[in-house]
2 protein chains.
Amino acid sequence: MTRPLTIALDAMGGDIGPDVVVPAALRMLERRADLSLILVGREDVLAAKLAALGASGRAGIVIRHATQVVDMDEPPASALRNKKDSSMRVAINLVKSGEADACVSAGNTGALMATARFVLKTLPGIDRPAICTTLPSVHGSTHMLDLGANSDCRAAHLLQFAVMGAELVRAVDGIERPRVGLLNIGSEEIKGNDLVKEAHTLLSKTDLNYIGYVEGDGIYLSPVEVVVCDGFVGNVSLKTSEGVAKLIKHYMSEEFRRNLLTRLAGLIALPILRAFSQRIDPRRYNGASLLGLNGIVIKSHGGADVLAFENAIRIATIEVEKNVPQLISRRLSSLLEQRLAS
Amino acid sequence: MTRPLTIALDAMGGDIGPDVVVPAALRMLERRADLSLILVGREDVLAAKLAALGASGRAGIVIRHATQVVDMDEPPASALRNKKDSSMRVAINLVKSGEADACVSAGNTGALMATARFVLKTLPGIDRPAICTTLPSVHGSTHMLDLGANSDCRAAHLLQFAVMGAELVRAVDGIERPRVGLLNIGSEEIKGNDLVKEAHTLLSKTDLNYIGYVEGDGIYLSPVEVVVCDGFVGNVSLKTSEGVAKLIKHYMSEEFRRNLLTRLAGLIALPILRAFSQRIDPRRYNGASLLGLNGIVIKSHGGADVLAFENAIRIATIEVEKNVPQLISRRLSSLLEQRLAS
């Protein structure tokens, strides 16, 4: 008998912890009764939370005790050294031992990346794992990486990110040859820094569907499925996007609240404004993949709510079902062979 | 008799050229009859354009003939070497000779920066000029630099950008001690690359009102007047913002066009949607300052329309009236003295 698809959840991680993770797990189980979810964290807290939600002994959910919690601002080195029984570490251990197929954590990104890398190791051919997320686009969606794991990169790393991103999109979205773009600037005088130029040369030699440079607006407007950049630039771009979206929301709400008439118009337009808000709702995009590891680890936003965390669990299940790490690994070996042969 | 405030306009620059620049000049003169505007470019073309608009011989406007035009994709070195009688070069020459107080161009950014630097030279204490623009913020507005002139920077350059941005804001917005932030990433494990850490140390030692690190969303959401970054990151962030704004506009218009009912609601909400659109209209923010030069040069977006180009001219007049280069220069000398004294 094969065991069901199993996801370990760092139930103590994130700004909110069990109050988000436990209800999100229960919601996910309502959708997919075939899953097995392991809540990792303090047993007393988690049992009480399940009981409070009337879900003690619910099929498909088990608690795995872990005594410690990694703080949101704890340095990764400290988490690695001093938090060997943290909910985060134990959840990752479950992936390592094969008891879980993937884990999801809303905890401290740095600690998660460092711990996952230490416990699971990187795939052969990958120097550095990267953080990858889906972003909305006028053409559907774009995957962007790295979003902050590596703030200083070499060109070879960007090449590895491109391979990982392309395999992820191929597996998850079923696009055979996803278009890969390299994030660059459009200022005519320079056209990029040395890193980007070197990565461009490397990418042009692969059999990836590499379409060349993409500017910042291209993430959202260009027909491209994977956008590659170093983690500093990727993180700034991602956070900038959040800022613009919030500013626009702020302006819109100010305009509709200007006076009685505008409020009335807002009331009439409410269903449309709601539908619109849902489309740009960042919770729908919550769940970033830590790619390049020997195992599936999904990072949820620290401030994720129930809906957002549930989405992160859903992404984990998809990556398990599609065997993403194995696909990346296979692709890397074939790239390596091509190079040896040439 | 002192001559009126005079702005040289590269009338051939940009994607559209005289069809935008000439009407924008006329509109600007309607607002401010005390200005003198010099249209630089092919005399026959510009005279015909003025005639077509019924403005031949209009007071406050003169044509300065220039035989060449810098192409939008022309390498800066080629423009410098081969286009010595381009509308762009002649407009900058007018600033150098003192016939104009500032110039505005919608032409090729790289060529404009290279030519301006060659003709006007940088201010003492400035290694590299930077491109700076105003961005909307929930707190009013933010100035960000560099936006693409320098894709590889050293920490000392970021310090110079901070001084220039702060002086610009002090002069233009009348804020005595503008808050200066350094753009960084929030990924916990690393907190920035070496460049940012070193710049942070430098900035902390100045008497600027330095508030520390700002993440991408902080450009639009944090109480900060000046955000400093290298040109690669700044350009990606700026273009990303444009992309997000366009995506959101696209989604909103899709939602309001979904069916007859949503169209009706859209009609009712139209005045509000218009007011909202105006607030995020990028044309209102058109006109980036090339800071650090011995003279005032304003870069308009290449695709600027009449309203947008007029705004760029308006920014030029403000910087002239406030003596921005002189203020930056004075500030730099005082910083230098402080260092020598300490």
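Through which surface do the copies meet, judging by the interface residues of chain A and chain B? Good morning. I shall answer that question with a predicted model, and then turn to details within each chain.

Let us begin with the arrangement of the two chains. Chain A can be superposed on chain B by a rotation of 180°, with 0.0 Å of shift along the axis and an RMSD of 0.0 Å. This is the relation of a two-fold axis. Now to the opening question. Of the interface residues of chain A, 100% are also interface residues in chain B, so the copies meet through the same surface.

How many residues does the contact take from each chain? Chain A contributes 64 residues, and chain B contributes 64 residues. The size of an interface is often expressed as the accessible area lost when the parts come together. Here, chain A and chain B bury about 5,500 Å² between them, and 70% of that area is on carbon and sulfur atoms. On the side of chain A, the residues that lose the most area to chain B are Phe232(A), Tyr251(A) and Arg279(A), which together account for 12% of what that side buries.

Polar and charged groups also take part. Six residue pairs are in polar contact across the interface of chain A and chain B, and two salt bridges are found across it. A salt bridge joins the side chains of Lys239(B) and Glu215(A), with a distance of 2.4 Å from N to O.

Which elements of chain A give two or more residues to the side that touches chain B? Among them are helix 5 (109-120), strand 5 (130-137) and helix 7 (194-204), as well as helix 10 (260-268) and helix 11 (270-279). Helix 9 of chain A, which spans residues 231-256, gives the most to this side, with 21 residues.

I now move to the structure as a whole. The count of salt bridges over all chains comes to 34. One pair is Glu99(A) and Arg64(A), whose closest N and O atoms are 2.7 Å apart. This pair links distant parts of the chain, 35 residues apart: Glu99(A) lies in the loop between helix 4 (87-97) and strand 4 (102-105) of chain A, while Arg64(A) belongs to strand 3 (residues 61-65).

As for aromatic rings, the structure holds zero aromatic pairs over all chains. In chain A, the charged end of Lys121(A) sits over the ring of Phe118(A), 4.9 Å from its centre. In chain B, the charged end of Lys121(B) sits over the ring of Phe118(B), with 4.9 Å to the ring centre.

Lys121(A) is not a glycine, yet it has a positive phi of about 70°. Its place is the loop between helix 5 and strand 5 of chain A.

Finally, where does a cis peptide bond occur in chain A? Such a bond joins Leu145(A) and Asp146(A), with omega at about 0°. Asp146(A) is in the loop between strand 6 (140-145) and helix 6 (155-173) of chain A. In chain B, a cis peptide bond joins Leu145(B) and Asp146(B), again with omega at about 0°.

Note on methods: Residues numbered from 1 in each chain as written. Chains lettered and ligands numbered in written order. Predicted model: local features only at pLDDT ≥ 70, side-chain atom pairs only at ≥ 80, totals over all residues. Heavy atoms only, no water. Least-squares fit on C-alpha atoms with pLDDT ≥ 70 in both. Contact = heavy atoms within 4.5 Å. Phe/Tyr/Trp six-rings, centres within 6.5 Å; stacked < 30°, edge-to-face > 60°. Lys NZ or Arg CZ within 6 Å of the ring centre and 35° of its normal. Buried area = accessible area lost by both parts, 1.4 Å probe. Salt bridge = Lys/Arg side-chain N within 4 Å of Asp/Glu carboxyl O. Polar contact = N/O pair within 3.5 Å; in protein donor to acceptor, adjacent residues only side chain to side chain. Helix = DSSP H or I, 4+ residues; strand = E, 2+ residues; numbered from the N terminus.
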